[in-house]
Structures are given as C-alpha cells and as structure tokens.
Amino acid sequence: MKKLLYSVLLFAIAGIASAETLTWVGGADLKLGTAANWRPRKVPGANTHVYIVPPSGTLEMSIGSSSLSIASLVLGGGDGLVTLNANKAVLIGDTMEVRSNAKYMLYYDGSPTVVSNNVIVRSGGTIVQMQEKNTDYTIHLQSLGDMTVDAGGLVDSCGRSKNGGEAYGYLIG
C-alpha cells in the first residue's frame with residue numbers, strides 16, 4: 001500500500017513539475033502559436049498555463065491556423081484591452097478565467113472551446129458567441145466544471161454576425 005501511495009505521489013509531483021507558465025509579450029504577430037510572442041519563447045501546449053494580460057493598449061489576436069490545447073487560460077485583468085478570437089478548436093485542461101478588459105469570442109463555424117474544469121467570467125470580462133444572422137446555433141463553449149459569472153461579467157449569446165449585422169438566437173440546453 002505504501003508503495004502505491006508513493007508512486008501516486010511521485011506521479012502527481014511529476015505532473016505538477018512538468019506544467020509551465022507562458023506569458024504573452026507579443027511582437028512577432030497576433031497568433032498564439034508563434035513562439036516569439038511568449039516568455040519564455042515557446043509555443044503553448046497541453047501542459048502550459050497561459051497568461052494574456054496586456055499592460056496597455058488594445059490587442060486583438062486569434063488562435064492561429066490550428067487548434068490549441070493548453071492547461072489553463074487567464075485572459076485580461078491588466079490596463080490594456082484584449083480580444084481573443086477562438087477561430088479554431090480550443091481544449092483547456094483545467095480552468096479558463098476571463099478577467100476585466102477581456103473578450104473571448106466564440107464562432108459558429110464548428111470551432112468549440114472545451115474547458116475540463118471551471119469557466120470564470122470576472123467583472124468587466126465578456127464571452128461572446130458569434131453567429132450568422134437569422135440562424136439557430138449552439139454555443140460553442142463546454143465547461144465540464146462550474147461556470148461562474150461575477151457581477152459585471154457578461155456572457156453574450158447573441159453577438160453580431162461576422163457580416164456586421166445584428167444577430168439574434170437562443171440557447172439550446
């Protein structure tokens with residue numbers, strides 16, 4: 001029994017030790033899949049905790065040309081404004097937190113975001129589902145844990161179409 005507990009403890013410590021934190025610094029382009037945009041200079045992966053907290057200005061970025069799998073995401077919370085366009089599928093192994101001055105954009109074209117734990121939208125943070133005008137749709141965000149929206153946070157299920165017109169829809173639960 002002690003050997004089993006020891007093995008489980010070592011496995012857990014190894015998993016924690018292998019997790020890495022990357023912080024957005026930008027400069028190369030506006031894509032998450034470019035190593036030069038991160039400190040340290042690496043592309044985020046499944047064991048990466050991702051922090052995108054611009055200190056000033058306005059930052060609009062996209063997932064890039066392929067899907068993204070990361071350990072966790074913290075978006076916003078600084079003085080700068082940030083919009084992350086989830087134009088490809090995103091898998092988050094733990095928690096997604098959308099803080100103040102941040103917008104996480106979901107799209108209607110089959111690019112889901114799946115969060116294995118909790119989704120938290122803080123005051124001043126927004127999650128928006130984009131859709132085509134006059135069509136039924138499904139929200140492309142799945143939280144396998146809890147979803148918390150603080151006072152002043154927003155989850156907008158209507159959004160605007162990519163064509164710029166108003167779009168109205170309903171949630172299918």
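## Parallel strands around strand 7

Two strands count as paired when DSSP finds at least two bridges between them. With that in hand, we can walk through this predicted model, beginning with strand 4 (residues 58–62) and strand 7, which pair in the parallel sense over 5 bridges. Within this pairing, Ser-62 is set opposite Asn-85 of strand 7.

Strand 7 also pairs with strand 10 (residues 102–106), again in the parallel sense and over 5 bridges. Here Leu-84 has Tyr-104 of strand 10 as its bridge partner. How many of the 6 residues of strand 7 are buried? The count is 5 of the 6 in residues 81–86, so strand 7 is largely enclosed by the rest of the structure.

Next comes an open, parallel sheet of 4 strands, arranged in the order 5-8-11-14. Which strands stand at its edges? They are strand 5 (68–70) and strand 14 (141–143); each has a single partner strand, so one side of each is left without a neighbour in the sheet. From one strand to the next, the twist averages 5°.

Inside this order, strand 8 (residues 90–92) and strand 11 (residues 113–115) make a parallel pairing over 3 bridges. Leu-91 is the residue that faces Val-114 of strand 11.

## Salt bridges

Side chains of opposite charge can pair when their charged atoms come close. Across the whole structure, a search turns up 4 salt bridges. One of them joins Glu-20 to Lys-42, with the closest N and O atoms 3.1 Å apart. Glu-20 belongs to strand 1 (residues 20–24), while Lys-42 sits in the loop between strand 2 (38–39) and strand 3 (48–52), so this pair ties together parts that are 22 residues apart in sequence. Glu-20 is partly exposed at 26% relative accessibility, and Lys-42 is partly exposed at 40%.

Another salt bridge brings together the side chains of Arg-122 and Asp-150, at 3.1 Å from N to O. This pair links distant parts of the chain, 28 residues apart: Arg-122 is in the loop between strand 12 (119–121) and strand 13 (125–129), and Asp-150 is in the loop between strand 15 (147–149) and strand 16 (154–156). Arg-122 is partly exposed, with a relative accessible area of 30%, and Asp-150 is partly exposed with 25%. The side chains of Arg-99 and Glu-97 also meet in a salt bridge, at 3.2 Å from N to O. Is Glu-97 buried or exposed? At 14% relative accessibility, Glu-97 counts as buried, because the cut-off for buried is under 20%. Arg-99, at 28%, counts as partly exposed. Glu-97, Arg-99, Arg-122 and Asp-150 are linked in a network of salt bridges.

## An aromatic pair

The count of aromatic pairs comes to 1. Trp-24 and Trp-38 form this pair in an edge-to-face arrangement, with 5.2 Å from centre to centre and 85° between the planes. The planes count as edge-to-face because their angle is over 60 degrees.

Trp-24 lies in strand 1 and Trp-38 in strand 2, so to speak two distant parts of the chain, 14 residues apart, that the pair links. Trp-24 counts as buried at 11% relative accessibility, and Trp-38 is buried with a relative accessible area of 1%.

Met-147, Val-149 and Val-155 make a nonpolar surface patch of about 220 Å². Val-155 is found in strand 16. This valine, Val-155, is partly exposed, with a relative accessible area of 37%.

## Backbone details

Two spots in the backbone deserve a look. Arg-39 and Pro-40 are joined by a cis peptide bond, with omega at about -10°. Pro-40 is found in the loop between strand 2 and strand 3.

Which non-glycine residue has a positive phi of about 65°? That residue is Asn-101, found in the loop between strand 9 (96–98) and strand 10. Asn-101 is partly exposed, with a relative accessible area of 30%.

Technical notes: Residues numbered from 1 in each chain as written. Predicted model: local features only at pLDDT ≥ 70, side-chain atom pairs only at ≥ 80, totals over all residues. Heavy atoms only, no water. Axes fitted to C-alpha atoms, helices over the stretch in contact; angles between N-to-C directions. Buried < 20%, exposed > 50% of the residue type's maximum accessible area, 1.4 Å probe, protein only. Patch = residues over 30% accessible without salt bridge, like charges linked within 9 Å, V, L, I, M, F, W, Y side chains within 5 Å. Areas by Shrake-Rupley, 256 points an atom, 1.4 Å probe, with all protein chains shown as cover. Phe/Tyr/Trp six-rings, centres within 6.5 Å; stacked < 30°, edge-to-face > 60°.
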